[in-house]
Amino acid sequence: MREPIVRFLERGRRAERRDLRDLHLKPVEERVADGSAIAGLRRIEQRGDAAVYRIPGTATKLRPGDACWLSSGAEITSGRPVEIEEIDLGAGVLVLRPDRFADASGPPPEGGVLDRRNLDLTDHLVRGLEPIFDDERGRLAGADWVRRAVEGEAELGPRNDRLARAKEAVEADALTESQREAFSAAVAARELALVQGPPGTGKTRVAAAVVLEALRHGEKVLVSALTHRAINNVLAAVATLGEKSRGHRVFKIGRPHQGAELRALGIESRTRLQKGAVLPGEGMVVGATTFGAVKLRRDYSPFDLVLLDEAGQVPIPHAMSAFAGGLRGVVVGDHRQLGPVVAGGGTGDPMERSIFEHLAERYRGRIHLLRESWRMNAGICRFSSRFFYEDAVVPHKSAADRRLQLDEGGQYRAILDPEKASVWVAVDHLARRNHSREEARVVAALVRELVSHHGVPPAEIAVVSPFRAHAGAVSHELARAIPEAAGALIEGLVVDTAERIQGQEREVVLYTFGSSDRDYLSRNAEFLFDPGRLNVALTRARTKRIIIGSPEVARARPRKLEALRRAALVQALWSEHIPIEQATPECDTIRVRWEE
Amino acid sequence: MNPPITATHVYRYLLCEHTATLAFHGDPARSVAPHEGLRLLLELGNRHEASWVAEHCADWATPSYPERDWAAGLAATLDLMRSGVSGVLQGVLIDVDRVGKPDLLRREEGPSDLGDHHYIAGDVKSSAEPHTEQVMQVLFYARLLELLQGRLPSYGYLIMADGREERFDVTSLLPIFDEVLREIRQIRDSGRQTKLHLSHQCGACGWRVFCRDLAQEKKDLSLIPGVGRGTADLLRQTGIATVRDLATLSLEQGRKLAEAEVLGIEVLGPLRRRARAVERGEPTILSAPEVPPPPEGIYVVASSDPRRNGGAFLYAILEIDRSGKERRETLYAKTPAEERELWHRFLERITASKKGNRRERFSGIPIFHSGGLAPATVEAIQSAHGGDPIAFERVHDEGVDLSRMLLRSIAVPTPSASLRAYTSFSGGVGADGEGIGAGQPGGSGFEARYGGPFGHYYPWHERFTATGDEAWRRKILAAAELEIEALRSLRLRLHEAAKRAERKPATTTRGRRTRNGTR
Ligand code: SF4
């Protein structure tokens, strides 16, 4: 097992290094256009050791927690090593901290260009995995189940005492039927339980319930994920739900990202966990990223339970390193949404899959699927349910008939019609690769009408595109269409890629492809029509989904079989929107020639 | 009566839609025979099919019927299918306007008009991975089967070069296939017009001479590398229909197009420069290439078997040190078993090479190639054969793909920016006029797949291993020698271009650019 994992990690390390070096050789405009750099930073404030900068609102791949260089843009690697604490494109604000490990003296730079920095944690991760690779050490540490779990031989059956406890606990909780099943399985599993949470099915709610139940019995729980955001969500749910968590300590290890919010909920931020932080027999929850979990293990282990969230995005080795700190695992995620980002990926190596996808295959038929979506109405839910969940996901009765609330009138009534939960606005254009002004204008006009005429709060609208460049074009058009764009009128509106909006929901979502060059679409179909990306983009809306795209999108003919399958999915989406009344009464295609 | 549509029409249409126009409305006398490389590959494909069938389909039946009598062929095929044989080889499936001859029809249980069983269509292919055009051929048969046996096969399959079976779901892919068939019918019946578009597909197309001549006569936009079909259509819509139109586009016209948001100035600018290069027949610098200065360098030609994801059978190496001293070596493996050792020797050779000046990107003498040492390729070789990790990382991380660099930084007066294309205008080594792509539009993709622009390395290698005839091996070594020289010459030219560009910094329409800094 060691060899394929190390080979996979080494390949990632090499690809990352090579990519970054090539990237740093590009001129700054290209790096910005690519989304891997932000230019024009201006320092406006200092908060402790964190510096606050004003930034232009262009879309970017950079995320909180990313390691970066802040430089003049020319000699990148002689700049200042920093870490992103917060990034808010809407407000044009970025918060940076000096890198923990680098010794930089002097005041933070006044401004400059922010570039991605290679943070090579491969060795750290491999060291964290050694106890699992070594049978003897694994057994001593109580982590021998991890290897069995990954190989498909873990015990998923319930332990009777826990099962009885789970049944008793569940009565009190207002969970749906599928949530109850998943809860019981997760609480009672001997070694491993898998909970699949399609969009809006309340997986965080179930995760929190599982954690609370463990706490009630004095267990120590590690909540892990790849991102701080995911961990904070679960911890916050535990803290807010938990009458029962009262009296138990909840810790978060790592940078105090969203620190104030966590503190308000009674969650303690720590850089490390002291031995004896809690008494034996006393329940405790600790949140740490999969990387943080490796370090944490030196201070504290084993946990009774490791709950891994957003496991559809966690690579296999990272998941294993988190599991190694515990005696059993609950894996929550959805491999039908966005998968892990793998440097040097696309080689077909099974290691490139997420832990959830891997386990879903190993334990086929033994996953607990959450079936009721509280988010999507019937018209929005249908496509995703059919093509990604074998028709198993249904809208919860409270959501099924929900409609977008609009005022009377409006110029684009036919498109915004609340009775049409999903429409495809077919915009004719040609040879556009990664951005289309034509579509951007349609989006801007629709957003303007939603906000100005119908009073839909901007924070309830998201514009999603596969291309960062197209998101940029949309922002530009929005600024033109709504002169108050920089101000309050569209504050809170999200214009970004699907990656950015995974895990979130809005009343109205506009998904705009921005491409119409058939050859380009065909060449890039594997990325563009990635089913996980498509599923995420199509399932963020509660009541109204507007797809904006050229009909050419449905005519891509990529050469590779896998990409062809993906193109077929988009063609199916297009077909769904051709107005055949009996088949899909809530879906419609509207062809527009946009005149301003 | 219109001629029937065959699976081959579908296959070719997916590679270039213009093939359908020419197949149904062109003059067959203008179509030419496949060139040597393709011919050898076709022969190889036939041998692969024959040996796979001999091994796996011993009890299958073949319909017998008078040559090209499709009705009789269909009757004989249906007889066999009704009788429930385990499989039919080269069956005939026809309908009013379609004729299909699947390699394989395999019996499956489950009711149909034939009884308690039905048939599934498959084809034998000699590529490593399944391609859409191959899948669509099988869907073509699946649709015919649906008519003839009253049941749509639930899946189709392809037998790949390594003998594995690739299955795919039929129902979910049919909407795409039906659309393709509709488009082909339109071309055949209502004369829907398509345009020729020179691309890397042309190298393997029978119409390549016809299309090249016509493109040159009409100064077609596809003579310009980097102009895809979509861009060409868009330009034509705005009245830019020829290379000359684009080359002579005034700044004012360009600005108007940009304002009308037809094409951004950042796209139009470089395209116009590429068009000028084609129009004048001379290369033009687009941006300063990042090529390390001569003389030191290791030039490598590497070639592997496209049917296997594994090692390479050829590494030709020329090392030039700082004083200009040259060392040559060619490593060649007769059998796949020898490839492992060859890779290890190649890596040793890299380790033994002079360290050279350390630069930002290079830990030793820079390594140049033209795609044969692409990161994904060397990853695959290393994971198949293992080897000194440090040398491997050097090859992986520091290899400089000169063909890619050429494409990015120089506008060449040829329809593709391959190494072959470069030599054809440089008049230097390698312009022997014989290899794949020589005198043919856009041979590069084809070359890249089958062993580099200077030889049909792979088919020659296959011939050598099959026959032991030394002449094939000599051809390989001689071609590699030429390619090495072309690489060396290209590197020098790129370096000169970089120096020239430095003297006169490259400007874009957006303003002056420096390498890393802001404007
Ligand atoms: S030669 Fe090229 S353009 Fe002409 S039909 Fe063949 S592939 Fe198409």
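This report describes selected helices and sheets in chains A and B of a predicted model.

## Basis of the model

Local features in this predicted model need pLDDT of at least 70 and side-chain atom pairs count only at pLDDT 80 or more, whereas totals for chains, interfaces and linings use all residues. Residues are numbered from 1 along each chain as its sequence is written, chains are lettered from A and ligands numbered from 1 in the order in which they are written, and side-chain values use heavy atoms, with hydrogens and water left out.

## The eight-stranded sheet of chain A

In chain A, eight strands form an open sheet with parallel pairing, in the order S10-S9-S11-S8-S12-S13-S7-S14; helices (H or I, at least four residues) and strands (E, at least two) are DSSP runs numbered from the N terminus, and two strands pair if DSSP finds at least two bridges between them. Strand S10 (268-270) and strand S14 (368-369) of chain A stand at the edges with a single partner strand each, so one side of each has no neighbour in the sheet. Within this sheet, S7 (residues 192-196) and S13 (residues 329-333) of chain A run parallel and are joined by five bridges, with Leu192(A) opposite Gly329(A) in S13(A).

Helix H9 (residues 228-241) of chain A lies across S8 (220-225), S9 (249-253) and S11 (284-289) of chain A, at about 175° to S9(A). Helix H12 (residues 316-323) of chain A lies across S8, S12 (305-308) and S13 of that chain, at about 155° to S12(A). These angles run from 0 to 180 degrees between N-to-C directions, and axes are lines fitted to C-alpha atoms, for helices over the stretch in contact, where contact means heavy atoms within 4.5 Å.

## A helix pair in chain A

The axes of H1 (residues 2-24) and H3 (residues 122-133) of chain A come within 11 Å and cross at roughly 175°. H1(A) and H3(A) are therefore roughly antiparallel (angles over 145 degrees). Among the residues that meet are Ile5(A), Val6(A) and Leu9(A) in H1(A) and Leu125(A), Val126(A) and Leu129(A) in H3(A).

## Helix H7 of chain B

The buried residues (under 20% relative accessible area, 1.4 Å probe, protein chains only) of H7 (residues 208-218) of chain B are Arg208(B), Phe210(B), Cys211(B) and Ala215(B). Seen down the axis of H7(B), these buried residues fall within an arc of 160°, so they line one face of the helix. They pack against helix H2 (18-25) of chain B, and just after H7(B), Lys219(B) takes a positive phi of about 55°.

Notes
Buried means under 20% relative accessible area, exposed over 50%, partly exposed in between (1.4 Å probe, protein chains only). The arc is that of the directions from the helix axis to the C-beta atoms. Angles under 35 degrees count as roughly parallel, over 145 as roughly antiparallel, 65 to 115 as roughly perpendicular and the rest as oblique.
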